[in-house]
Amino acid sequence: MSSPLNFDLMIDIETLALHNQFAWILSVACVPFCPDGSRLPVMESWPAFAIRLGDDAQGAARQVPRVVDSSTINWWFADEREAARSELAKLAEFSYSEGLQRVADYINAANNIWARGPQFDLTNVFTQCSMRDIEITKTPYNWRDSRSLSEIYGDANYREFMKRANALPHSAMHDAIAEVEFVQFMHIFISENIETFHPKSARH
């Protein structure tokens, strides 16, 4: 699964901390996509998924840290997060190692790996995989940041896409899908206006 299959991958994680390497990961969503909005036949074999990470016997044996912080825990247990907790509980649960292996398989199959702020989401995923000897063939060279894309080219458009996600119960999958839709929107907009395009022209 190490040969790129001509699709990109959006990753979003939910955690119990804001630590940029060892945050306790609650769930991971992976959404394969093509930036130009097309759908390749090979993608039928790589469906989008979201999973909850549970038991971490291997990590515990290796003394891999999993960081939690009180502010994030309080966020999750606030009354208004009941729908988000319900969404999380619906997900299929995998052990840390099994779940991260599945995520790594998708990463290794994709061309580029996107996240809203890869310094958090992807650093955590890559570090946690490395600490469990789960091979990832991609490097930060393959990382793409939808948040930076929004800051440069289309902040108003980005807010509109995220508003749709925020209208739904908070989840990694809802956020990942919104990020994909924004990246595809910007790719098509730039492609159709390449001769006259200027970053400000994508702003409302």
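This is a predicted model: local features need pLDDT of at least 70, side-chain atom pairs count only at pLDDT 80 or more; totals for chains, interfaces and linings use all residues.
Trainee: Zooming out, how many helices and strands does the protein chain have?
Mentor: The protein chain has 8 helices and 6 strands. Read from the N terminus, the order is β-β-β-α-α-α-β-α-β-α-β-α-α-α.
Trainee: What is the radius of gyration of the protein chain, and what would a compact globule have?
Mentor: The protein chain has 17 Å, which agrees with the value near 17 Å for a compact globule of 204 residues. The radius is taken over C-alpha atoms, and the globule rule is 2.2 Å times the number of residues to the power 0.38. Along the principal axes, the C-alpha trace spans about 55 × 45 × 25 Å.
Trainee: What share of the protein chain counts as buried?
Mentor: Of the 204 residues, 50% do. As for contacts (heavy atoms within 4.5 Å), take those with a separation of 6 or more: 77% of them come from residues 24 or more positions apart.
Trainee: Changing topic to rings. How many aromatic pairs are there?
Mentor: The count is 6 aromatic pairs. Tryptophan 75 and tryptophan 76 form one that is edge-to-face, at 5.2 Å centre to centre with 85 degrees between the planes. Rings of Phe, Tyr and Trp (its six-membered ring) pair if their centres lie within 6.5 Å; planes under 30 degrees apart count as stacked, over 60 as edge-to-face and the rest as tilted.
Trainee: Which of those two counts as partly exposed?
Mentor: Tryptophan 75 does, because its relative accessibility is 31%. Tryptophan 76 has a relative accessible area of 5%, so it is buried.
Trainee: Why is the pair of phenylalanine 126 and tryptophan 143 edge-to-face?
Mentor: The ring planes of phenylalanine 126 and tryptophan 143 are at 75 degrees, so the pair is edge-to-face, and the centres are 5.2 Å apart. This pair links distant parts of the chain: phenylalanine 126 is in helix H5 (residues 118-130) and tryptophan 143 is in strand E6 (residues 143-145), 17 residues apart. Phenylalanine 126 and tryptophan 143 are both buried.
Trainee: Which residues do ring pairs link into a cluster?
Mentor: Phe7, Trp46, Phe49 and Tyr106.
Trainee: Now the loops. Where is asparagine 112, and what does it touch?
Mentor: Asparagine 112 is in the loop between helix H4 (96-109) and strand E5 (113-115). Its relative accessible area is 17%, so asparagine 112 is buried. Apart from neighbours within four places in sequence, asparagine 112 is in contact with Phe7, Asp8, Leu9, Asn142 and Arg144.
Trainee: Asn142 is on that list. Is asparagine 142 buried or exposed?
Mentor: Asparagine 142 is buried, at 14% relative accessibility. It is in the loop between H5 and E6. With neighbours within four places left aside, asparagine 142 is in contact with Asn111, Asn112 and Ile113.
Trainee: What about aspartate 133, where does that lie?
Mentor: Aspartate 133 also lies in the loop between H5 and E6. Aspartate 133 is exposed, at 60% relative accessibility, and has a positive phi of about 60 degrees although it is not a glycine.
Trainee: And what is the phi of glutamine 63?
Mentor: Glutamine 63 has a positive phi of about 60 degrees, and it is not a glycine either. Glutamine 63 is in the loop between helix H1 (57-61) and helix H2 (70-77), and is exposed, with a relative accessible area of 72%.

How values were computed. Residues are numbered from 1 along each chain as its sequence is written. Side-chain values use heavy atoms; hydrogens and water are left out. Helices (H or I, at least four residues) and strands (E, at least two) are DSSP runs, numbered from the N terminus. Buried means under 20% relative accessible area, exposed over 50%, partly exposed in between (1.4 Å probe, protein chains only).
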